[in-house]
Amino acid sequence: MDYKTERELMRLLHGELSAAASKRLQQQLQQDSTLQEAYQRLQRQWQGLELPEPEAAPPGFVTRVVTRATGRADEGWVPVWWSRTLAGRVATAAVLAGGIALGAMLALPRETEAWTDYVTTEPTMAESYLAALEEPELELWEEDQP
Amino acid sequence: MPDSDWSLLTRTAEGDEEAFRILVERHQDRLVRLCQRLLGDREEALDAAQEVLIKTYRKAATLQPKGEFFTWLYRVATNHCLNRMRRRKIVRFLPLGENRDEVTPALEPVDAAPRPDASLESRERWAATRRAIDDLPENQRTVLVLAKFERLSYRQIAETLGITEGAVESRLFRAMRNLTKAQESPPSGVSQSEA
């Protein structure tokens, strides 16, 4: 079978032939068993291609799309606190600046030396305990001697 | 008489949210199905369909009504899915000699989870179809999916892909020949498709 006839058979199968060409080829098919066999093989092959029917869009899909499209949420990452109005942005910036200033003030060293002295001069609980255990006991023993 | 898709798009461009909602409702199922058939993954298909619709919303003001709306939408969706498939191919590249079964194919079964109502025979047929379509070159595969599963005419496929009807016919013809070869040869020789 030639290339042209093969292509015509495919067009017939896909309903792409003109009415006249289709009628002519149908007549040929009835007369030519080889051609008919080739057409049936093509038909079987085409019909044999099967995939499961995909599911439709899930419920809520429309709302999700409309919300995203109209809300412009897809334009890139935008922080949740970012305001669209100028006043909102100024207020947000002011709050942020205030927070940074407060944080910086709290982090400043104040009366550090006095606090350090207290920590370094005062003995720890363990040190006091050891001192109480060691020295007085020796003195008492010496005093008890005749 | 219901609004035409193009008039709904015009209203969308003017800020009519309801018009866009109707447009999405009208095309969502067909669009999701197309993306699912091309991508083979449900979640990826939903993402792709959503991105296509959002793109439509944003471009609404610049679009000129020409031909059928769904053909235009199919064109955008097909290109979007093809780009995703190309990106996926790069990401999932494996050297030669790897087990093919471990690579997620571009057109895997549309529903990977076994359906309780599907017979073993059906699932085997789906798997065979999937393998056969996977082995086709990208341009033949797209045309075949649009003709066979989306039931588009040659003219509609040509409009969708921006090619001539003759090119559609040639690609389909080569796809059918490759499918015949694949059926005749053992599985190891399937990948020798004529581009």
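The secondary structure of chain A comes to seven helices and zero strands, and reading along its sequence gives the pattern α-α-α-α-α-α-α. Chain B has eight helices and, again, zero strands, so that its pattern, read in the direction of the sequence, is α-α-α-α-α-α-α-α. As for burial, 7% of the 146 residues of chain A count as buried, whereas for the 195 residues of chain B the figure is 37%. In chain B, among the contacts with a separation of 6 or more, 59% are made by residues 24 or more positions apart.

The model as a whole scores ipTM 0.72 and pTM 0.64. Chain A has an average pLDDT of 78, with 70% of the residues scoring at least 70; within this chain, confidence is highest in helix 2 (residues 19-31), at a mean of 94, and lowest in helix 6 (residues 112-121), at 52. Residues 73-78 of chain A have a pLDDT below 50, and this stretch has three contacts in the model beyond near neighbours in sequence. For chain B the mean pLDDT is 80, and 78% of its residues reach 70 or more. Where pLDDT is low, the predicted coordinates should not be read in detail.

With that caution in mind, one can turn to the interior. In soluble globular proteins, nonpolar side chains tend to be buried together. The largest nonpolar core in this model has 55 residues, and those with the most contacts inside it are Cys35(B) and Ala49(B). Helix 2 (residues 17-39) of chain B gives the largest share of this core, nine residues. Ala49(B), when its neighbours within four places in sequence are left aside, is in contact with Gln28(B), Leu31(B), Val32(B) and Cys35(B).

Leu73(B) and Leu31(B) are 42 residues apart along the chain, yet their C-alpha atoms are separated by 8.1 Å. Leu73(B) counts as buried because 22 other C-beta atoms lie within 10 Å, where the cut-off is 20 or more.

Further along chain B, helix 6 (residues 138-149) and helix 8 (residues 165-184) pack with their axes 9 Å apart and at an angle of about 100°, and they are therefore roughly perpendicular to each other. Helix 6 contributes Asn139(B), Gln140(B), Val143(B), Leu144(B) and Ala147(B) to this contact, while helix 8 contributes Val168(B), Arg171(B), Leu172(B), Arg174(B), Ala175(B) and Asn178(B). By class, the residues of this contact divide into six nonpolar, three polar and two charged.

The loop between helix 6 and helix 7 (154-161) of chain B holds Arg151(B), whose phi is near 55°, a positive value in a residue other than glycine. Arg151(B) is exposed, because 10 other C-beta atoms lie within 10 Å, where the cut-off is 12 or fewer. Helix 7 of chain B, in turn, is mostly covered, with six of its eight residues buried, namely Tyr154(B), Gln156(B), Ile157(B), Glu159(B), Thr160(B) and Leu161(B). Just after helix 7, Gly162(B) takes a positive phi of about 70°.

The last step is the meeting of the two chains. Their contact takes 21 residues from chain A and 34 residues from chain B. On the side of chain A that touches chain B, helix 1 (3-13) and helix 4 (61-71) of chain A each supply at least two residues, and helix 4 gives the largest share, eight residues. This side of chain A has 12 nonpolar, three polar and six charged residues.

Notes. Residues are numbered from 1 along each chain as its sequence is written. Chains are lettered from A and ligands numbered from 1 in the order in which they are written. A nonpolar core is a set of buried Ala, Val, Leu, Ile, Met, Phe, Trp, Tyr and Cys residues joined through C-beta atoms within 7 Å. Helices (H or I, at least four residues) and strands (E, at least two) are DSSP runs, numbered from the N terminus. Two residues are in contact if their C-beta atoms, placed from the backbone, lie within 7 Å. Ala, Val, Leu, Ile, Met, Phe, Trp, Tyr, Cys and Pro count as nonpolar, Asp, Glu, Lys and Arg as charged, and the others, Gly among them, as polar. Axes are lines fitted to C-alpha atoms, for helices over the stretch in contact, and angles run from 0 to 180 degrees between N-to-C directions. Angles under 35 degrees count as roughly parallel, over 145 as roughly antiparallel, 65 to 115 as roughly perpendicular and the rest as oblique. pLDDT is the predictor's confidence in each residue, from 0 to 100.
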